[in-house]
Amino acid sequence: MEKITLIFVGIIATFVSFASATPGIATFYTNYVPSACFGSQDQGKMIATAGDGLWNNGAVCGKMFTVTYTGPRNPVPHPCTGKSVTVKIVDHCPGCPSTVDLSREAFALIANPVAGIINIDYNQV
(Lines give C-alpha, C1' and ligand atoms only; values in the text may rest on other atoms or scores of the structure.)
Protein backbone atom coordinates (compact mmCIF):
# COMPACT_ATOMS: atom_id res chain seq x y z
CA MET A 1 0.00 0.00 0.00
CA GLU A 2 2.85 2.41 0.83
CA LYS A 3 4.42 1.86 -2.61
CA ILE A 4 1.16 2.69 -4.37
CA THR A 5 0.79 5.87 -2.30
CA LEU A 6 4.35 6.96 -3.11
CA ILE A 7 3.83 6.30 -6.82
CA PHE A 8 0.57 8.24 -6.76
CA VAL A 9 2.20 11.21 -4.97
CA GLY A 10 5.05 11.17 -7.53
CA ILE A 11 2.61 11.22 -10.44
CA ILE A 12 0.63 14.10 -8.93
CA ALA A 13 3.84 16.07 -8.26
CA THR A 14 4.89 15.58 -11.89
CA PHE A 15 1.54 16.90 -13.15
CA VAL A 16 1.68 19.90 -10.80
CA SER A 17 5.23 20.61 -11.99
CA PHE A 18 4.16 20.61 -15.66
CA ALA A 19 0.99 22.55 -14.91
CA SER A 20 2.90 25.31 -13.12
CA ALA A 21 5.32 26.00 -16.01
CA THR A 22 5.14 29.52 -17.43
CA PRO A 23 5.35 30.16 -21.18
CA GLY A 24 8.04 32.51 -22.41
CA ILE A 25 10.67 33.23 -25.04
CA ALA A 26 14.38 32.36 -25.02
CA THR A 27 17.35 33.75 -26.91
CA PHE A 28 21.06 33.31 -26.18
CA TYR A 29 24.15 35.38 -25.41
CA THR A 30 27.91 34.75 -25.27
CA ASN A 31 29.60 37.28 -22.89
CA TYR A 32 29.07 35.99 -19.35
CA VAL A 33 31.26 38.19 -17.15
CA PRO A 34 30.72 40.68 -15.61
CA SER A 35 27.11 40.15 -14.52
CA ALA A 36 24.64 42.27 -12.59
CA CYS A 37 24.25 39.62 -9.89
CA PHE A 38 27.80 38.32 -9.40
CA GLY A 39 30.13 40.99 -10.80
CA SER A 40 33.31 39.39 -12.14
CA GLN A 41 32.73 35.97 -10.53
CA ASP A 42 32.43 33.23 -13.14
CA GLN A 43 29.19 31.29 -12.62
CA GLY A 44 29.84 28.58 -15.21
CA LYS A 45 28.03 27.94 -18.48
CA MET A 46 24.54 26.83 -17.39
CA ILE A 47 23.40 30.40 -16.78
CA ALA A 48 20.90 32.94 -18.06
CA THR A 49 19.96 36.59 -17.90
CA ALA A 50 16.48 37.68 -16.92
CA GLY A 51 14.36 39.88 -19.14
CA ASP A 52 12.52 42.83 -17.63
CA GLY A 53 9.40 40.80 -16.77
CA LEU A 54 11.36 38.28 -14.72
CA TRP A 55 14.06 40.58 -13.25
CA ASN A 56 12.03 42.06 -10.35
CA ASN A 57 14.78 44.51 -9.29
CA GLY A 58 17.30 41.68 -8.97
CA ALA A 59 15.20 39.45 -6.70
CA VAL A 60 15.69 36.64 -9.23
CA CYS A 61 19.51 36.72 -8.93
CA GLY A 62 20.91 33.27 -8.20
CA LYS A 63 17.58 31.49 -8.62
CA MET A 64 17.48 28.28 -10.67
CA PHE A 65 15.01 27.70 -13.50
CA THR A 66 14.27 24.69 -15.67
CA VAL A 67 13.72 25.72 -19.29
CA THR A 68 12.03 23.49 -21.89
CA TYR A 69 11.65 24.15 -25.61
CA THR A 70 7.98 24.28 -26.70
CA GLY A 71 8.14 25.50 -30.29
CA PRO A 72 9.85 27.58 -32.94
CA ARG A 73 9.46 31.34 -33.39
CA ASN A 74 10.96 31.39 -36.88
CA PRO A 75 11.15 29.01 -39.88
CA VAL A 76 14.35 27.16 -38.85
CA PRO A 77 13.47 23.47 -39.30
CA HIS A 78 13.51 21.12 -36.30
CA PRO A 79 15.49 23.17 -33.79
CA CYS A 80 14.40 21.11 -30.76
CA THR A 81 16.69 18.56 -29.06
CA GLY A 82 13.93 17.17 -26.83
CA LYS A 83 15.80 18.07 -23.63
CA SER A 84 15.34 20.59 -20.83
CA VAL A 85 18.06 22.62 -19.15
CA THR A 86 18.39 24.05 -15.64
CA VAL A 87 20.07 27.45 -15.47
CA LYS A 88 21.03 29.98 -12.82
CA ILE A 89 19.98 33.61 -13.30
CA VAL A 90 23.14 35.73 -13.16
CA ASP A 91 22.31 38.94 -15.00
CA HIS A 92 19.68 41.36 -16.27
CA CYS A 93 18.91 41.85 -19.94
CA PRO A 94 17.07 45.20 -20.02
CA GLY A 95 14.92 45.64 -23.09
CA CYS A 96 15.53 42.09 -24.36
CA PRO A 97 12.74 40.59 -26.49
CA SER A 98 13.02 37.38 -24.46
CA THR A 99 11.96 36.22 -21.02
CA VAL A 100 15.35 34.56 -20.52
CA ASP A 101 18.54 35.01 -22.46
CA LEU A 102 20.35 31.68 -22.06
CA SER A 103 24.08 31.12 -22.34
CA ARG A 104 24.87 29.74 -25.79
CA GLU A 105 25.78 26.40 -24.19
CA ALA A 106 22.45 26.16 -22.34
CA PHE A 107 20.48 27.17 -25.45
CA ALA A 108 22.30 24.51 -27.52
CA LEU A 109 21.15 21.80 -25.09
CA ILE A 110 17.49 22.44 -25.92
CA ALA A 111 17.57 23.86 -29.48
CA ASN A 112 19.81 24.45 -32.45
CA PRO A 113 21.44 27.88 -31.89
CA VAL A 114 20.73 28.71 -35.55
CA ALA A 115 17.11 29.17 -34.44
CA GLY A 116 18.18 32.22 -32.40
CA ILE A 117 14.82 32.62 -30.65
CA ILE A 118 12.42 29.93 -29.41
CA ASN A 119 9.25 29.46 -27.38
CA ILE A 120 9.79 27.91 -23.97
CA ASP A 121 8.16 26.88 -20.74
CA TYR A 122 10.08 27.68 -17.57
CA ASN A 123 9.64 27.15 -13.87
CA GLN A 124 11.69 27.90 -10.82
CA VAL A 125 13.41 24.89 -9.28
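Is Asn57 buried or exposed? I looked this up first. Asn57 is exposed, with a relative accessible area of 76%. My cut-offs are these: buried is under 20% relative accessible area, exposed is over 50%, and partly exposed is in between, with a 1.4 Å probe and protein chains only.

**Ground rules**

I am working with a predicted model, where local features need pLDDT of at least 70, side-chain atom pairs count only at pLDDT 80 or more, and totals for chains, interfaces and linings use all residues. I number residues from 1 along each chain as its sequence is written, and side-chain values use heavy atoms, with hydrogens and water left out.

**Overview**

I listed the secondary structure next. The protein has three helices and six strands. I take both as DSSP runs numbered from the N terminus: helices are H or I with at least four residues, strands are E with at least two. Along the sequence I read α-β-β-α-β-β-β-α-β. Of the 125 residues, 36% are buried. I computed the accessible surface by the Shrake-Rupley method with a 1.4 Å probe; for residues, only the protein chains shown count as cover. The total is about 7100 Å², and carbon and sulfur atoms hold 60% of that.

**The barrel**

How do the strands close up? I traced a closed barrel of six strands in the order β1-β5-β2-β4-β3-β6, with mixed pairing. On average, neighbouring strands of this sheet are turned by 45° against each other, direction ignored. For such angles, axes are lines fitted to C-alpha atoms, for helices over the stretch in contact, and angles run from 0 to 180 degrees between N-to-C directions. I count two strands as paired if DSSP finds at least two bridges between them.

I then went through the pairs. β3 and β4 (residues 84-92) are antiparallel over five bridges. Phe65 has Val87 in β4 as its bridge partner, and Met64 has Lys88. β2 pairs with β4 in the parallel sense over four bridges. There, Ile47 stands opposite Lys88, and Ala48 stands opposite Ile89. On to β5 (residues 100-103): three bridges join this strand to β2, and the two run antiparallel. Ala50 meets Val100 in that pairing.

I also checked the faces of β2. Both are covered: Ile47 and Thr49 are buried on one side, Ala48 and Ala50 on the other.

**The core**

Which residues have the most contacts inside the largest nonpolar core? I found Val67, Leu102, Ile110, Ile118 and Ile120, in a core of 24 residues. At least two core residues come from each of β2, α2, β3, β4, β5, α3 (104-110) and β6 (118-124). I define such a core as buried Ala, Val, Leu, Ile, Met, Phe, Trp, Tyr and Cys residues joined through side-chain atoms within 4.5 Å.

Leaving out residues up to four places away in sequence, Ile120 touches several residues, including Ile25, Val67, Tyr69, Val100 and Ile110. Contact here means heavy atoms within 4.5 Å. Across the protein, among contacts between residues at least 6 apart in sequence, 79% join residues at least 24 apart.

**The cysteines**

How many disulfides are there? I counted two, taking a disulfide as a pair of cysteine sulfur atoms within 2.5 Å. Counting bonded cysteines along the chain, I get the pattern 1-2, 3-4.

Cys37 and Cys61 form one, with sulfur atoms 2.0 Å apart. Cys37 lies in the loop between β1 (22-29) and β2 (47-50), and Cys61 in the loop between α2 (52-55) and β3 (64-72), so the pair ties together parts 24 residues apart in sequence. The torsion about their S-S bond is about -75°, so this disulfide is left-handed. Cys61 is partly exposed at 27% relative accessibility.

Cys93 and Cys96 form the other, S to S 1.4 Å. Cys93 is buried at 11%, whereas Cys96 is partly exposed at 22%. I also noted Cys80, partly exposed with a relative accessible area of 39%.

**Backbone notes**

Most residues other than glycine have a negative phi, and most peptide bonds are trans. Val33 and Pro34 are joined by a cis peptide bond, with omega about 0°. Pro34 is in the loop between β1 and β2.

Back to Asn57: its phi is positive, near 55°. Asn56 also has a positive phi, near 50°. Asn56 sits in the loop between α2 and β3, and Asn57 is in the loop between α2 and β3 too. Asn56 is exposed at 52% relative accessibility.
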